[in-house]
Amino acid sequence: MSAAPAVSDRSTPRWRAWLLLAPMVAWLTLFVVVPTAILIVYSFCERDEVGRVLFTFTLENYHRVLDPVYLWIFARSIGYAGLTTVICIAVGYPVAYCIGRAREEWRQRLLLLVMVPFWTSFLIRTYAWITILKQEGLLNGLLHQLSPTASPLDLLYTPTAVVIGLVYAYLPFMILPIYGSVEKLDGSLIEAAHDLGAGPLRVFSAVIIPLTLPGIAAGTLLVFVPAVGMFAITDLMGGARVPLIGNVIQNQFMQARDWPFGAALGAVFMALFAVTYWVMLKFGAGEEETPA
Amino acid sequence: MKPLRLLLPALLALLVSAVAARAAGELNLFGWSEYIPQPVLDGFTKETGIKVNFETFASNEELLSKLVAGGGSYDLVQPSDYAAEVMIRQHLLSPLDPALLPNLKNLAPEFRQRPHDPAGRYTVPYMSGTVGIVVNTDRVKTPVRGYGDVFTPALKDRIVVLNDTREMVTWALYTLNLPINTITAENLARARPVVASWVKLVKVYDSDSPKTALLNGDVDVGVVWSGEAAILWKENKKFQYVIPAEGAHQFIDVLAIPANAKNKAAAHQLIDYILRPEVSVLISEAFPYTNPNLAARKLLSAEQLANPASYPPGHPKLETFRDIGKDAAAIDRLVTDLKSAQ
Amino acid sequence: MSTMVDLRGVTKRFGAFTAVNDVSLEIASGEFLTLLGPSGCGKTTLLRLMAGFDAPTVGSVWIGGEDVTQLPPYRRPVNQVFQSYALFPHLTVGENVGFGLRMQQVGQAEAAARVAEALALVSLTGLDTRRPHQLSGGQRQRVALARALVCRPKVLLLDEPLSALDAKLRRAMQLELKRLQRQLGITFVFVTHDQEEALTMSDRIAIVNAGRIEQLGTAHEIYHRPATRFAADFVGQANLLEAQLLLQDAETVQVAVTGGLELSLPLAAWPVGATTALIAVRPEKVHVAKRRARSNFYASAANRFEARIEEEIFQGATDHLVIVTATGTRLGVVVANESAFGEIFHEGDRVYCALHADDLVVVRAD
């Protein structure tokens with residue numbers, strides 16, 4: 001407003017900045033740092049028969065994480081999440097690109113359509129998919145109308161259903177960041193590439209893709225990380241046939257009364273995220289401009 | 001400032017109502033979700049003036065971890081048999097006063113003094129059930145009598161089972177004629193190939209609502225809670241319930257008072273209220289499990305009593321679970337490994 | 001000289017809006033042609049029609065004797081320098097310049113040599129590993145130029161390439177562009193709204209207004225003989241005077257202009273049969289002195305009159321005056337900061353004025 005506060009700001013910038021940051025710092029401390037610390041401490045503890053955590057140091061839990069059973073589950077979870085991410089990029093990129101290049105007055109409306117599913121609860125949306133995919137469901141009903149002799153498709157409770165569910169749940173998280181970088185994309189760069197002799201495909205691979213890479217990287221992070229840990233979709237749409245790491249962790253807390261082991265799995269899981277994030281940051285940010 | 005000014009009166013009002021409720025008596029109940037009909041609690045409050053604060057849990061482990069951690073102060077809890085056994089052993093429950101529970105006489109003797117509470121000092125059975133086989137007889141024409149008839153290649157990908165590792169291992173132990181409550185490495189090693197062959201046949205694992213896959217026609221046979229089977233049977237008589245010939249897990253969900261309960265008198269009042277036949281029958285109508293209350297059973301209709309999932313005919317071999325402590329981890333690893341290895 | 005670019009009856013409509021309205025334009029090989037006009041006049045659309053970013057609604061575009069109307073931009077022998085430069089931020093300077101060669105699948109060794117050559121041409125040797133954001137505005141401009149030139153286009157299209165540079169740099173770049181164009185002999189089509197830029201660089205200037213080319217000619221022709229009121233007004237400054245025919249003889253006409261001043265001009269300049277016309281007079285063509293001069297110029301001038309200085313604005317090299325004649329005709333005048341006799345002008349001074357008949361240009365009013 002007036003110049004006076006700005007001057008005093010300059011004289012005491014530090015504590016004012018901290019004051020502004022305080023709510024966030026408190027929030028992070030309370031809900032991120034402390035729980036993470038508890039998780040890590042628990043992962044080195046033992047437990048009694050009731051599931052009480054005993055504060056005696058042990059590496060047993062990490063030893064169990066390295067059991068091939070759980071390593072294999074980690075690998076499979078990464079596989080599912082990776083496939084989900086790839087499909088989300090393949091499906092989400094064209095959508096994000098079209099929205100980002102659409103006329104301005106249309107963009108908000110189209111984005112709204114992407115967001116609409118979020119207005120209903122996750123469980124309801126998942127049950128809607130069950131209604132579509134089940135043996136006597138909408139999809140098979142439609143197929144029956146088209147070809148009465150064909151045998152119904154067996155979709156629900158298959159790995160395909162799990163991937164459908166994961167892609168459906170996380171697609172918007174891929175579309176939004178890609179849209180963000182497509183929208184920022186300078187149209188004259190595309191024209192320049194055309195002008196320099198690049199056909200549509202070359203423009204896409206040599207200019208559009210590299211310039212929207214930060215969006216793809218952000219989307220990949222937003223889809224891959226939560227998809228690795230998802231357990232509800234695996235249970236509801238996959239029939240819980242194939243355990244993924246999220247299910248195993250959930251099981252330790254909800255059924256097996258083994259919090260320390262669950263904590264150890266969680267800690268390894270978080271380390272995995274950190275590594276993914278670091279890779280993405282290096283990979284994605286390398287292309288981003290740094291101020292001259 | 002404004003939100004605070006609005007908030008203060010609201011807080012005051014809340015405080016006042018809390019004090020008022022305490023004056024009339026208040027009861028903190030921690031029970032299974034979808035297991036205690038709201039009209040039962042409303043009727044109790046109307047009659048006694050005691051307000052019931054109802055919190056729910058989804059698994060015995062959730063209940064156990066809350067009680068063990070000392071979180072929350074509950075006056076009445078609703079564990080299953082084996083969880084009650086742990087609580088008794090850990091001195092987490094308070095003995096009941098039979099003098100305050102005149103309606104105990106309504107209970108069938110076979111539901112009291114079971115291994116989890118041999119003297120019947122700590123627990124009162126609420127509802128009981130079994131884990132058995134439900135068959136869609138329209139689709140499955142071969143006779144199904146036991147686990148061996150469910151887990152056959154002929155029914156591959158047409159089976160739903162509970163998503164519970166101990167249940168599955170228990171069924172395997174039954175088919176091998178091994179004890180279900182004594183878990184040894186040797187017995188698990190023998191059960192392993194059986195479970196391994198079963199996981200290849202199962203289509204859906206679901207503990208929360210196994211009836212859904214059956215109703216949707218995605219599977220034709222299941223090993224499920226008897227309550228789920230009873231609902232299916234009410235829906236359509238083609239869903240037949242069979243207690244497996246090899247033996248079946250029976251569960252008894254009980255009411256018990258935690259050692260640190262503040263309002264034990266009110267807890268006794270609610271237990272005795274639930275034991276009244278006309279109250280107990282309300283529970284049976286909403287949740288068609290096996291009602292241990294003989295007086296209440298007299299009030300049930302012929303059709304309700306004929307539901308094989310609620311009141312199985314004959315004298316099947318039924319056993320409750322005992323707490324197996326850390327052996328649960330071995331079972332969990334075994335089943336996870338086999339499911340994962342497909 | 002052969003024709004390099006040929007627009008034949010080109011019209012471009014965007015919905016109800018006509019951006020280019022029936023334009024025909026021939027640009028000679030090796031020519032530096034400027035499309036000059038205010039923003040929104042259609043000059044950029046004309047450029048985009050040549051580049052292939054837009055397709056004409058009516059008419060055809062020919063480049064190098066070939067009908068390219070249906071060809072996409074990447075198949076046309078033209079390259080463009082964009083107003084924003086449009087350098088690829090994810091590529092180095094060298095990769096930016098080599099982009100077109102990569103698209104044309106030119107061999108690596110040849111491409112490297114041509115990139116180096118192009119960078120040398122714009123004096124950027126040694127910067128090929130930099131990223132665009134590490135360069136100054138002028139350097140980016142040169143990269144954009146090198147990137148287009150390295151493809152050896154038949155026509156180089158430049159869309160206000162200097163508008164983002166500061167005045168000093170812009171002037172230097174104008175000269176450099178002109179030098180490059182002469183050196184390479186490539187046809188340049190240059191779009192600008194800056195008349196000074198157009199006058200400095202162009203072989204010919206096309207004045208574009210409301211989707212049409214109002215006048216096409218050399219800088220001299222455009223400046224000295226504007227064809228329309230718009231051309232006279234847009235390029236340089238002009239006194240625009242409504243003229244009423246008074247007398248006409250075998251060689252001259254006598255007219256009265258706005259405010260009553262009577263002037264004579266050659267009959268040949270006057271539109272046949274017209275009784276009124278619009279006359280443009282460049283302010284520096286009005287000669288003023290504080291005493292009645294005896295110079296040849298003054299003596300030879302067909303029009304001589306007296307006036308009073310109503311306003312004087314000193315601008316360093318020049319002095320800008322507004323003079324009023326006895327009858328009330330107002331004229332803007334630009335003189336050197338002192339008269340030929342070393343006189344200094346002040347408001348209120350009486351001045352003697354001379355105006356050559358040839359410097360009265362009749363322009364179309366529309």
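In this predicted model, the buried residues of helix H10 of chain B pack against strand E1 (26–32), helix H2 (38–48), strand E3 (76–77), strand E5 (123–136), strand E10 (248–258) and helix H11 (277–286) of chain B. Helix H10 of chain B spans residues 264–274, and the buried residues in it are B:Ala266, B:Ala267, B:His268, B:Gln269, B:Leu270, B:Ile271 and B:Ile274.

**Where chain B touches chain A**

- In this contact, 28 residues of chain B meet 24 residues of chain A.
- Helix H3 (60–69), strand E7 (202–205) and helix H14 (327–340) of chain B each supply at least two residues of the side of chain B that touches chain A, and the largest share, 8 residues, comes from H14(B).
- Sorted by class, the side of chain B that touches chain A holds 8 nonpolar, 10 polar and 10 charged residues.

**Where chain C touches chain A**

- Here the contact takes 20 residues from chain C and 18 residues from chain A.
- On the side of chain C that touches chain A, strand E6 (78–81) and helix H2 (93–103) of chain C each supply at least two residues, and H2(C) gives the largest share, with 3 residues.
- The side of chain C that touches chain A is made up of 12 nonpolar and 8 polar residues, and there are no charged residues in it.

**The two domains of chain C**

- The domain assignment of chain C gives domain 1, which covers residues 3–231, and domain 2, which covers residues 239–363.
- The centres of domain 1 and domain 2 of chain C, taken over C-alpha atoms, are separated by 40 Å.
- Between these domains, 5 residues of domain 1 of chain C are in contact with 5 residues of domain 2 of chain C, and the side of domain 1 that touches domain 2 divides into 2 nonpolar, 1 polar and 2 charged residues.

**Nonpolar cores**

- As a general background, nonpolar side chains tend to be buried together in soluble globular proteins.
- The largest nonpolar core has 117 residues, of which C:Met50, C:Ala146, C:Val189, C:Ile207 and C:Ile279 touch the most other members.
- Helix H4 (residues 137–149) of chain C gives the most to this core, with 6 residues.
- Because domain 1 (3–231) and domain 2 (239–363) of chain C both give residues to this core, it lies between them.
- Leaving aside its neighbours within four places in sequence, C:Met50 is in contact with C:Val5, C:Val61, C:Val78, C:Val155, C:Leu157 and C:Val189.
- Apart from this core lies another, of 106 residues, which includes A:Ala227, B:Val202, B:Ala213 and B:Val223.

**A sheet in chain C**

- E15(C) pairs with strand E19 (residues 350–355) of chain C in the antiparallel sense over 3 bridges, and the bridge partner of C:Ala289 in E19(C) is C:Tyr352.

Note on methods:
Residues are numbered from 1 along each chain as its sequence is written. Chains are lettered from A and ligands numbered from 1 in the order in which they are written. This is a predicted model: local features need pLDDT of at least 70, side-chain atom pairs count only at pLDDT 80 or more; totals for chains, interfaces and linings use all residues. Two residues are in contact if their C-beta atoms, placed from the backbone, lie within 7 Å. Helices (H or I, at least four residues) and strands (E, at least two) are DSSP runs, numbered from the N terminus. Ala, Val, Leu, Ile, Met, Phe, Trp, Tyr, Cys and Pro count as nonpolar, Asp, Glu, Lys and Arg as charged, and the others, Gly among them, as polar. Two strands pair if DSSP finds at least two bridges between them. A nonpolar core is a set of buried Ala, Val, Leu, Ile, Met, Phe, Trp, Tyr and Cys residues joined through C-beta atoms within 7 Å. A residue is buried if 20 or more other C-beta atoms lie within 10 Å of its own, exposed if 12 or fewer, and partly exposed in between; C-beta atoms are placed from the backbone. Domain bounds come from an automatic or database domain assignment.
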